[in-house]
Amino acid sequence: MRSTLVRGRALLAVVGLVLAVTACSPPAKTNSAAATDAGKAKSAADLGGMDKLVAAAKKEGTLNVIALPPDWANYGEIIKAFGDKYSIKVNSAQPDASSQEEITAASQLKGQAGAPDVFDLGTAVALANVAKYAPYKVATWNDVPDSRKEASGLWINDYAGYMSIGYNAGKVPAPTSLADLLGPAYKGAVALNGDPTKAGAAFNGVVMAALASGGSADDIAKGVDFFAQLKKAGNLLPVDPTPATIESGQTPVVFDWDYNNVAQATKLKGKIDWKTFIPSGAAVAGYYVQAINADAPHPAAARLWEEFLYSDQGQNLYLKGAARPVRVDAMQKGGTLDTAAFSALPAAAGTPVVLTDAQTQKAKDYLAANWAKAIG
Amino acid sequence: MAGLIARRRRRQALFRWVVVAVLAVFFLLPLVAMFEFTTRGTGGHRTLATWRLLVHWGELAATYPSLWDGMKNSFGLVLFTVLLMLVLLVPTVVWVRLRLPGLRRVVEFLCLLPLTIPAIVLVVGLAPVYAWVVYFLGDSTLTLTFAYTVLVLPYAYRAIDAGLSAIDVRTLAEAARSLGAGWGTVMVRVVLPNIRSAVLSAVFLSVALVLGEFTIASLLSRTNVQVAINLLGKSSATMSVAVSLASLILAFLLLFVLSFAGRRRRSGTTPGDHS
Amino acid sequence: MSGGDPAGPDPAGRDPRPAGADPGGTAPRARVPLRRLRALIGAVPFFAFIAVFLLVPTLVVAVGAFGGAGGTVTLANLTSLGDGYVRDAFVRSIVLSASTALLGAVLGALLAYALVTARPDGLLRRVVSSACGVLAQFGGVTLAFAFIATIGLSGFVTTFLRDQLGVDIYSSGVWLFELPGLVLVYTYFQIPLMVIVFLPALDGIRPQWREATASLGGSTWYYWTRVAAPLLAPAFLGATLLLFANAFSAYATAAALVSQGAPIVPLQISNALTSEVILGRENVGKAMALGMVVVVAVVMWLYALLQKRTSRWLG
């Protein structure tokens with residue numbers, strides 16, 4: 001009896017000790033990357049000019065990016081171009097990660113060499129985690145409109161897209177409006193890129209459906225109703241659309257950002273005729289946010305990456321991937337825009353709609369309360 | 001009696017082939033669908049281009065460098081995880097059976113715990129532990145061995161427990177001890193040879209688990225073969241399905257070769273004489 | 001050794017007396033704790049490893065479940081488990097896991113028995129057990145894709161049945177993306193897992209026992225219900241428990257197949273932890289994980305009860 005008690009107490013003590021020890025973080029390495037010159041630089045000038053930045057980045061030799069699928073806004077080509085231009089090895093981790101998972105990875109891997117250096121986040125997550133970024137103003141800072149960046153350089157929008165409907169022209173008829181999707185020709189065909197209570201792209205898909213069904217940015221109930229009707233008609237596929245399901249014809253209609261749908265069309269040319277359609281009057285624009293991790297293990301490479309993204313070359317590479325770069329107006333004026341790629345962008349009739357914070361919150365609350373019931 | 005046995009063996013053979021055939025159809029159909037998808041080419045033609053690229057290893061490694069890194073890491077992880085599992089789990093399970101029967105349910109629950117917590121949540125808990133592991137051992141992907149050994153516990157424990165329940169381990173141990181054997185000899189020379197098929201099952205499951213594990217490696221931003229295949233799938237869907245299928249076939253071949261390590265010398269048993 | 005159980009050695013090893021204990025109970029009391037201590041030392045490496053790599057993560061999650069916004073302690077996360085939708089998800093998860101566990105256990109046991117009747121060194125057994133080893137861990141996005149390609153709405157089996165045999169398997173709704181579909185897909189890896197885990201137990205059945213039963217006049221039915229089943233029951237139940245836990249926490253396959261609405265608990269947890277729309281619910285996710293541990297603990301307790309019942313079958 002006594003031995004059990006002793007054993008029990010000893011076990012508890014050991015467990016408590018182990019827990020206490022592991023709950024604290026290990027001691028930080030003596031020269032933390034954030035404390036270096038590059039880690040404190042707020043612009044290239046702080047380091048003595050672009051050449052010094054490039055040299056410092058090459059010395060670091062590596063860049064960790066996260067949540068950048070190669071076929072998303074042409075990131076595959078951007079990563080390769082950056083790596084080739086500066087001879088820096090780019091480690092692309094977790095391409096499927098959501099914005100929240102990027103932040104989680106940064107805190108879980110803090111201090112390790114594999115922690116992400118830069119983030120590409122959806123607006124909601126970006127605004128909730130401003131404390132994690134290091135301020136930096138790229139060389140072309142002034143080209144970006146004030147509403148698309150944070151004044152001290154903590155974050156800046158990088159590209160935007162419109163919510164669209166991609167469809168397999170060989171399998172389903174071309175929709176001319178959103179309501180067409182409720183017809184029998186689309187039975188078991190329509191997929192949304194994720195759950196709207198979880199993924200930003202799907203959330204905007206519901207907003208687009210609301211706008212196209214007579215709702216407004218303030219009231220997305222009609223959007224949720226549209227998907228409920230879609231489910232009742234047997235047209236909604238709960239499958240997660242991936243390049244494989246699109247190529248195999250399992251998901252003939254997909255709600256996703258226009259740059260994603262256009263990228264699929266380019267990739268599948270000859271195999272599948274994938275077309276992109278934006279319903280008129282429902283041009284929901286979504287901007288993504290670029291930020292540098294304050295605890296980036298490679299701060300110079302992170303800053304050079306941002307310089308590259310906001311250079312003409314980087315912005316045109318985004319455009320090649322059918323994403324609308326944030327410097328588009330300045331580049332048009334300066335004549336450096338890739339006009340061929342620009343004119344190939346899908347047409348979006350109507351004024352672009354970007355949800356304000358209040359509208360986003362209202363929509364989120366409505367979805368949290370009603371989405372599962374509507375399509376369950 | 002001989003006629004009875006022969007009749008029983010015929011019935012068993014029929015039962016065997018019917019069951020295997022029906023289940024084989026069930027298991028092979030999805031794999032056939034995967035293969036069919038990889039042969040789709042432009043314009044609706046069938047093509048083996050994807051498979052030809054797969055076979056040209058040099059080209060593949062150049063186009064998708066992370067695949068080779070992933071495979072190297074995975075093979076290292078398989079080796080270390082199986083070793084750690086064999087060294088840590090097998091002796092402990094036998095020891096608990098023989099000497100600490102009161103702890104048996106505790107060990108059983110602990111060995112089921114890794115399976116009750118979804119991997120995405122387990123990573124939340126593993127991250128601070130791995131911060132320390134990286135501090136002491138560096139951030140090589142091979143440190144995932146510890147996490148994988150934990151993941152493998154439920155399956156390996158169950159297999160070894162099933163094997164132990166089939167032999168009279170207590171009597172064997174008592175007999176050996178009474179003949180003067182130390183506990184080491186009992187473990188290695190008396191018990192282990194009798195649970196060979198169970199240990200082999202545990203090794204099978206460990207190899208398959210490590211080769212198929214994706215979530216923890218991905219969330220800790222490490223590269224293993226499944227993470228590499230996933231990244232590959234973003235560039236080319238047919239290629240990623242082909243690589244998945246190829247990795248299934250390779251794992252199958254690996255296990256097939258391993259099965260020869262578990263050769264059973266059951267003298268006195270004529271084949272097909274079971275039950 | 002002498003003076004032990006007069007009924008003979010206990011084949012299932014359930015004698016609680018430590019091996020070599022003095023049955024007369026005349027050993028000095030100081031020796032028993034020392035022996036226990038020495039026995040405990042043998043288990044220390046395993047427990048140390050478990051403590052660091054399993055218990056600490058579990059405790060981190062458990063502690064997190066009680067965390068509120070800004071580091072406060074709260075029970076709100078746990079009480080939110082009573083929400084209608086989370087409760088439904090738990091029920092669906094349990095139903096899914098129990099049904100696939102039973103289905104996988106029965107079919108897997110049949111396949112394992114079929115393998116055991118074959119030559120132990122033969123090709124069939126090697127091929128099938130290697131295949132089962134591989135397929136037991138096959139899951140996730142690829143499995144979902146393979147199933148949709150097979151019996152999805154435009155899968156080749158569906159089109160074959162529709163065009164050649166005139167049978168529309170989806171005439172009463174698309175069940176592939178609801179619970180029945182999940183059951184079918186989960187069974188794909190549950191059966192091989194059962195085979196691998198149960199085969200060692202079947203290997204322990206001696207052919208001599210069958211012969212002995214037959215020579216004593218017992219029928220096949222008698223053999224199976226009174227001789228083989230009681231011996232196999234512990235391993236069978238243990239394997240079924242494993243299958244249950246395996247299905248309960250499986251996430252990747254369901255995420256690819258049913259990515260709308262999070263009908264089962266792992267998907268709910270993933271929503272809570274990784275959502276980029278509804279933020280700040282990580283601790284609710286941890287509370288749900290704690291709930292899962294509690295459910296499996298309860299199932300394990302039921303399993304232990306069942307084991308005790310079936311052990312009476314033998315004795």
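These legends go with a set of close-up views of a predicted model.

**View 1. The whole predicted model and its scores.** The model as a whole comes with an ipTM of 0.87 and a pTM of 0.88. For chain C, the average pLDDT is 84, and 89% of the residues reach at least 70. Looking element by element in chain C, helix 3 (residues 84–116) has the highest mean pLDDT at 94, while helix 8 (residues 207–215) has the lowest at 84. Watch out for residues 1–25 of chain C, where the pLDDT is below 50. That stretch still has 29 contacts in the model beyond near neighbours in sequence. Where pLDDT is low, the predicted coordinates should not be read in detail.

View 2. Of the 315 residues in chain C, 46% are buried. Take the contacts in chain C between residues at least 6 apart in sequence: 74% of them join residues at least 24 apart.

**View 3. Chain C against chain B.** Here 93 residues of chain C meet 91 residues of chain B. On the chain C side, helix 1 gives the most, with 16 residues. Sorted by class, the side of chain C that touches chain B has 66 nonpolar, 19 polar and eight charged residues.

**View 4. Chain C against chain A.** In this view, 33 residues of chain C are in contact with 40 residues of chain A. Four helices of chain C supply at least two residues each to that side: helix 1 (31–65), helix 5 (140–151), helix 10 (252–257) and helix 11 (265–274). Helix 1 of chain C gives the most, with eight residues.

**View 5. Two packed helices in chain B.** Two packed helices are described by the angle between their axes and the distance between the axes. For helix 12 (residues 225–235) and helix 13 (residues 237–259) of chain B, the axes come within 7 Å and cross at roughly 155°. Because that crossing angle is over 145 degrees, helix 12 of chain B is roughly antiparallel to helix 13 of chain B. Helix 12 of chain B brings V225(B), I229(B), L232(B) and G233(B) to the contact. From helix 13 of chain B come A237(B), M239(B), S240(B), V243(B), S244(B) and S247(B). By class, the residues of this contact are six nonpolar, four polar and no charged.

**View 6. The two domains of chain B.** The domain assignment of chain B gives domain 1 (2–38) and domain 2 (65–261). Their centres, taken over C-alpha atoms, are 29 Å apart. Where the two touch, five residues of domain 1 of chain B are in contact with four residues of domain 2 of chain B. The domain 1 side has four nonpolar, one polar and no charged residues.

**View 7. The two domains of chain A.** Chain A is split into domain 1 (38–160 + 286–343) and domain 2 (162–284 + 349–375). The C-alpha centres of these two domains of chain A lie 28 Å apart. Domain 1 of chain A puts eleven residues into the contact and domain 2 of chain A puts in 14. On the domain 1 side, you'll find five nonpolar, five polar and one charged residue.

**View 8. Helix 10 of chain A and its cover.** Helix 10 (residues 258–267) of chain A is mostly covered, with seven of its ten residues buried. Those buried residues are D258(A), Y259(A), N260(A), N261(A), V262(A), A263(A) and Q264(A). Among the elements of chain A that cover them are strand 5, helix 9 (243–247), strand 8 (253–257) and strand 9 (274–277).

**View 9. S177(A) in its loop.** Look for S177(A) in the loop between strand 5 (156–168) and strand 6 (190–192) of chain A.

Methods
Residues numbered from 1 in each chain as written. Chains lettered and ligands numbered in written order. Predicted model: local features only at pLDDT ≥ 70, side-chain atom pairs only at ≥ 80, totals over all residues. Contact = placed C-beta atoms within 7 Å. Axes fitted to C-alpha atoms, helices over the stretch in contact; angles between N-to-C directions. Parallel < 35°, antiparallel > 145°, perpendicular 65-115°, else oblique. Nonpolar A, V, L, I, M, F, W, Y, C, P; charged D, E, K, R; others polar. Buried ≥ 20, exposed ≤ 12 C-beta atoms within 10 Å, placed from the backbone. pLDDT = per-residue confidence, 0-100. Domains from an automatic or database assignment.
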